[in-house]
Amino acid sequence: MAQIRPFTAVRPAQSVADRVAALPYDVYNREEAKREVEREPLSFLKIDRAETQFPDDVDTYDDRVYHKAADLLKDMEQQEIYITDQDKAYYIYRLTMNGRAQTGIAACASLDDYLNNVIKKHENTREEKEQDRIRHVDTLSAQTGPIFLAYRSRKQINEIVDHVMKTQEPLYDFTSDDGISHTVWKISDASQIEKICQAFSEMDDIYIADGHHRAASAVKVGLRRREAHPGYSGEEEFNYFLSVLFPDDQLMIMDYNRVVRDLNGLTKEAFLKKTGEIFQVKKLGKSAAHPEKKGQFTMYLDGEWYLLEASAQMLSREDAVKALDVSVLQDYLLEPVLGIHDSRTDERIDFVGGIRGLAELEKRAQTDMKVAFAMYPTSISELFAVADAGLLMPPKSTWFEPKLRSGLFIHKI
């Protein structure tokens, strides 16, 4: 039984929403973030990454950075760049990329649902990565980057969302520099809110699609606030965290590809021979190609592409994680042949998001790497199966596009 609540949003004024909305803080390094904030001074990135307001010799995690972020948010509110709605509402958030739309609901999810595994995870988090966002949320007393959640599509919710989009003018409707269109509507009708809340309450499972570290950080701040307020009722805003929830039938997961620095001491001929003993191998030539189905991989080596196909036995392993294509490649080729024993820590392997395309794999294999593997995307049903089994995916198993923007919705705690 999931608790997905409407909330009182702090959000940008309509006239500047396109300038404020920013890609997530962790897609930039410090230099890139600084350039982006210089390009667009209203970008929310200056709050998400407030070290951009300091000389490079100030540490990213200096206390002054977090206090500066809080000051910047306060300043933007005073200038009415940010406004605060006067009612609790849900918000429809539609993102359109290359003509394909996915539409979610911005809302607040329950800390207790996260702790009780109603909100299911499929990745481990690292304490050091959590600490930055814990300090950011705690210092601002606000959650600024929504967690990307997924649920099994419900007709009742879909009908309300479709009705609002057809009958109401959007709050925001703009296209960002990367060509993604962002459209937002507000659901403030009490009967619609009640129906959506009820529909979510009937769900036993909701899934983190992306944002495991942001979710863990928000929850830990909430637990700190509970300790500081032992008489808490459960209704306080720190008991909930900002999310955007999408029905599973609208989500697209892209491939997350692999590049390896060397052939582990093997000649090209010896490597191809070993690969042929594991997979069915077909030489494709110079033309780049994506895998067309589960169990297929395309490989780029010395200027040529190859198609690798796994056997039915490899793909029929009962374990939900072992059956993933990323696990098949790791267990049958990357580890035994190329010596990649731990892809989390081995510096000989790197990962390339599918949004970068096959040309990026060719480029990497021709420069700092030796061989590249293009993957067939993990499906949302596979993600659900892993989470339902209480298991964890290998690193870099899913790449979600388009990315949710930060700064469109802020939840004060």
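Colleague: What share of the 413 residues of the protein counts as buried?

Modeller: Buried means under 20% relative accessible area, exposed over 50%, and partly exposed in between, with a 1.4 Å probe and protein chains only. By that criterion, 54% of the 413 residues of the protein are buried. This is a predicted model, in which local features need pLDDT of at least 70 and side-chain atom pairs count only at pLDDT 80 or more, while totals for chains, interfaces and linings use all residues. Residues are numbered from 1 along each chain as its sequence is written, and side-chain values use heavy atoms, with hydrogens and water left out.

Colleague: How many helices and strands does the protein have?

Modeller: Helices (H or I, at least four residues) and strands (E, at least two) are DSSP runs, numbered from the N terminus. The protein has 14 helices and 21 strands. Its radius of gyration is 23 Å, close to the 22 Å from the globule rule for 413 residues, so the protein is as compact as a globular protein of that length. That radius is taken over C-alpha atoms, and the rule is 2.2 Å times the number of residues to the power 0.38. Along the principal axes, the C-alpha atoms fill a box of roughly 70 × 50 × 45 Å.

Colleague: Among contacts between residues at least 6 apart in sequence, what percentage joins residues at least 24 apart?

Modeller: Contact means heavy atoms within 4.5 Å. Of the contacts between residues at least 6 apart, 76% join residues at least 24 apart.

Colleague: Which residues touch the most other members of the largest nonpolar core?

Modeller: A nonpolar core is a set of buried Ala, Val, Leu, Ile, Met, Phe, Trp, Tyr and Cys residues joined through side-chain atoms within 4.5 Å. The largest has 65 residues, and those touching the most other members are Tyr-91, Phe-271, Leu-338, Val-371, Phe-373, Leu-408 and Phe-409. With residues up to four places away in sequence not counted, Phe-373 touches, among others, Asn-257, Arg-258, Phe-271, Met-299 and Leu-338. A second, separate core has 34 residues, including Ile-119, Val-161, Phe-200 and Ala-215.

Colleague: Which residues of helix 14 are buried, and what covers them?

Modeller: An α-helix has 3.6 residues a turn, so residues three or four places apart point the same way. In helix 14, the buried residues are Ile-380, Glu-382, Leu-383, Phe-384, Val-386 and Ala-387. Their cover includes strand 6 (119-120), strand 8 (147-151), strand 11 (206-210), strand 13 (253-254) and strand 20. Gly-390 follows helix 14 and has a positive phi, near 70°.

Colleague: Is Glu-130 buried or exposed?

Modeller: Glu-130, in helix 6 (residues 127-140), is buried at 2% relative accessibility. Leaving aside neighbours within four places in sequence, Glu-130 is in contact with Thr-125, His-213, Ala-216, Ser-217 and Lys-220.
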